[in-house]
There are 2 protein chains.
Amino acid sequence: MKNIQNFPSCEECIAKDHPVFKDLTPEQLDNVNYDKACNIYKRGMVVFQEGHRINGFYCVFSGILKLYKTGIDGKEQIIRFAKDTDIIGYRSILSSELACTTAKVIEDATICYIPGDQLHTLVTENPAFAMKLMQLTCKELGEANNYITDIAQKTVRERLAEILLLLKERFDLDENQVLQISLTREELANIVGTATESVIRLLSEFKQDRLIELQGRKIKILNIAGLKKIASF
Amino acid sequence: MKNIQNFPSCEECIAKDHPVFKDLTPEQLDNVNYDKACNIYKRGMVVFQEGHRINGFYCVFSGILKLYKTGIDGKEQIIRFAKDTDIIGYRSILSSELACTTAKVIEDATICYIPGDQLHTLVTENPAFAMKLMQLTCKELGEANNYITDIAQKTVRERLAEILLLLKERFDLDENQVLQISLTREELANIVGTATESVIRLLSEFKQDRLIELQGRKIKILNIAGLKKIASF
DNA sequence: ATCAGAAACTGACTTTTATCAGTTTTTGCT
DNA sequence: AGCAAAAACTGATAAAAGTCAGTTTCTGAT
């Protein structure tokens with residue numbers, strides 16, 4: 001066992017009903033467990049960087065990361081988030097390309113690194129695993145296509161309302177109806193694809209219209225139906 | 001042999017060094033060849049429709065299709081094009097989802113339909129095929145991520161210049177330096193994600209600046225370096 | 001070759017969004 | 001608890017892009 005004592009074993013992920021790894025044989029699971037390296041990442045730390053070569057993929061045990069591309073003038077475009085049970089970086093391994101996005105931690109995370117040749121082996125030897133990975137990628141591509149259409153066609157107002165709802169879906173609300181992910185206004189702008197000030201103004205409007213309540217960076221959702229209406233669902 | 005005489009056999013595609021099918025065993029190739037149905041589609045015909053269930057996937061032998069999503073007020077957002085040797089529709093099969101886009105023919109096409117269970121069999125029994133498909137999907141997702149970032153951050157002007165260059169790359173220029181794909185202004189607008197009039201105005205500017213020449217719907221590229229500069233490559 | 005309809009074009013105007021510059025509040029570290 | 005820096009906010013203005021309405025040109029069918 002290469003791990004330090006309080007790092008997760010793969011069994012703990014399986015116990016979480018891990019969507020991709022649960023079809024591994026006990027032997028395959030042992031191989032992965034033996035080969036992997038777990039690390040704790042603090043908020044702000046970068047796991048891998050766009051344009052760099054990565055030699056393995058990452059399985060998020062806990063915490064939240066943002067996956068973003070850097071565009072003009074260094075501005076980020078957040079493509080998606082990763083949370084527990086998500087795997088990231090596998091696409092670069094499989095398509096032998098440099099990392100397409102940067103992965104940065106926004107909530108302290110425990111992440112396991114698994115070497116790339118393990119992934120090749122698993123895909124080749126375990127068709128169920130390969131199919132699960134394929135399905136995951138296909139789902140992501142479907143989401144990306146939706147994202148493209150929304151950015152191209154919806155107003156910034158519609159998009160912000162929609163993003164709030166998508167964040168609620170992905171990360172859920174706590175018992176006080178507060179979004180369980182805390183983002184700066186700049187980060188929200190980098191998801192919507194707009195200027196920070198535009199997000200600030202619209203959040204303020206949503207607040208006035210009693211759709212949300214703002215508590216520092218925390219956002220409490222007051223009126224889901226109202227947001228849905230604005231978002232043109 | 002179920003095909004009418006002048007339809008392509010899979011061997012003809014393999015002769016084209018088909019990126020995904022070339023790793024099939026002769027037996028697998030025979031099965032696909034036996035099960036498939038080839039059809040000729042005229043410009044404007046729809047192969048499959050967003051939101052509908054499809055039971056097989058399609059292999060393009062010749063011609064060009066646009067894959068688009070329909071957004072607000074029925075406006076199209078073109079996500080990508082498919083040409084010879086491209087396969088489409090496979091993602092819905094693998095992820096058991098409804099079609100994410102509509103596939104419409106923009107240049108008369110010959111397209112083979114292959115039943116979905118063939119795809120499942122091939123993915124399960126031929127790891128090399130599965131890996132190729134995986135790589136294809138990963139590449140598409142990488143492109144989609146670029147697309148998202150561009151739409152979010154670049155001006156319409158930059159994007160149009162970039163789209164012209166991408167079209168040149170994908171479809172090449174003929175011996176007169178003319179783009180070998182013919183799109184309406186509306187279609188160009190539906191790729192860029194802007195209003196038709198905006199595309200018209202910018203094309204006019206590009207023409208005045210001697211970057212392109214317009215011959216009806218045909219676009220002759222005059223100055224690649226100039227377009228690259230505008231596109232912020 | 002003719003012609004109808006669609007597409008392309010153009011100008012004027014409106015709306016949306018971004019930028020800029022300054023002020024206020026919050027966060028996170030010590 | 002204190003404080004510096006970053007983030008959030010705000011108002012004014014500029015720029016980018018969209019819409020509307022009319023005219024001209026092109027495409028494709030007969």
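Entry 1, the surface near DNA strand C. I began by asking which helices supply at least two residues each of this surface, and in this predicted model I found helix H6 (156-171) and helix H8 (196-208) of chain A, together with helix H7 (185-192) and helix H8 (196-208) of chain B. When I looked up which of the elements gives the most, I noted H8(B), with five residues. In total 19 residues surround DNA strand C, and I wrote down the closest, which are A:Thr155, A:Ser198 and A:Gly216 from chain A and B:Thr184 and B:Arg185 from chain B. I then sorted the residues of this surface by class, and they divide into eight charged, six polar and five nonpolar.

On the side of H6(B) I listed B:Val156, B:Arg157 and B:Leu160, which meet B:Ser198, B:Val199 and B:Leu202 in H8(B). By class, this contact has four nonpolar residues, one polar and one charged.

Next I asked at what angle helix H5 (residues 127-153) of chain A and helix H5 (residues 127-153) of chain B pack. The angle is about 20°, with the axes 9 Å apart, and because angles under 35 degrees count as roughly parallel, H5(A) is roughly parallel to H5(B). I also noted that the crossing of H5(A) and H5(B) is left-handed. Among the residues of H5(A) in this contact are A:Met134, A:Leu141, A:Ile148 and A:Ile151, and H5(B) brings residues that include B:Met134, B:Leu141, B:Ile148 and B:Ile151. The residues of the contact of H5(A) with H5(B) divide into 18 nonpolar, four polar and two charged.

Finally I looked up what rotation superposes chain B on chain A, and it is one of 180°, with 0.0 Å of shift along its axis and an RMSD of 0.0 Å. That is the relation of a two-fold axis. The same surface serves both copies, for 100% of the contact residues of chain B recur in chain A.

Conventions:
Residues are numbered from 1 along each chain as its sequence is written. Chains are lettered from A and ligands numbered from 1 in the order in which they are written. This is a predicted model: local features need pLDDT of at least 70, side-chain atom pairs count only at pLDDT 80 or more; totals for chains, interfaces and linings use all residues. A residue is near a molecule or strand if its C-beta atom, placed from the backbone, lies within 6 Å of it. Helices (H or I, at least four residues) and strands (E, at least two) are DSSP runs, numbered from the N terminus. Ala, Val, Leu, Ile, Met, Phe, Trp, Tyr, Cys and Pro count as nonpolar, Asp, Glu, Lys and Arg as charged, and the others, Gly among them, as polar. Axes are lines fitted to C-alpha atoms, for helices over the stretch in contact, and angles run from 0 to 180 degrees between N-to-C directions. Angles under 35 degrees count as roughly parallel, over 145 as roughly antiparallel, 65 to 115 as roughly perpendicular and the rest as oblique. A crossing is left-handed if the near helix is turned anticlockwise from the far one by less than a right angle, and right-handed if clockwise. Two residues are in contact if their C-beta atoms, placed from the backbone, lie within 7 Å. Copies are superposed by least squares on the C-alpha atoms of residues with pLDDT of at least 70 in both.
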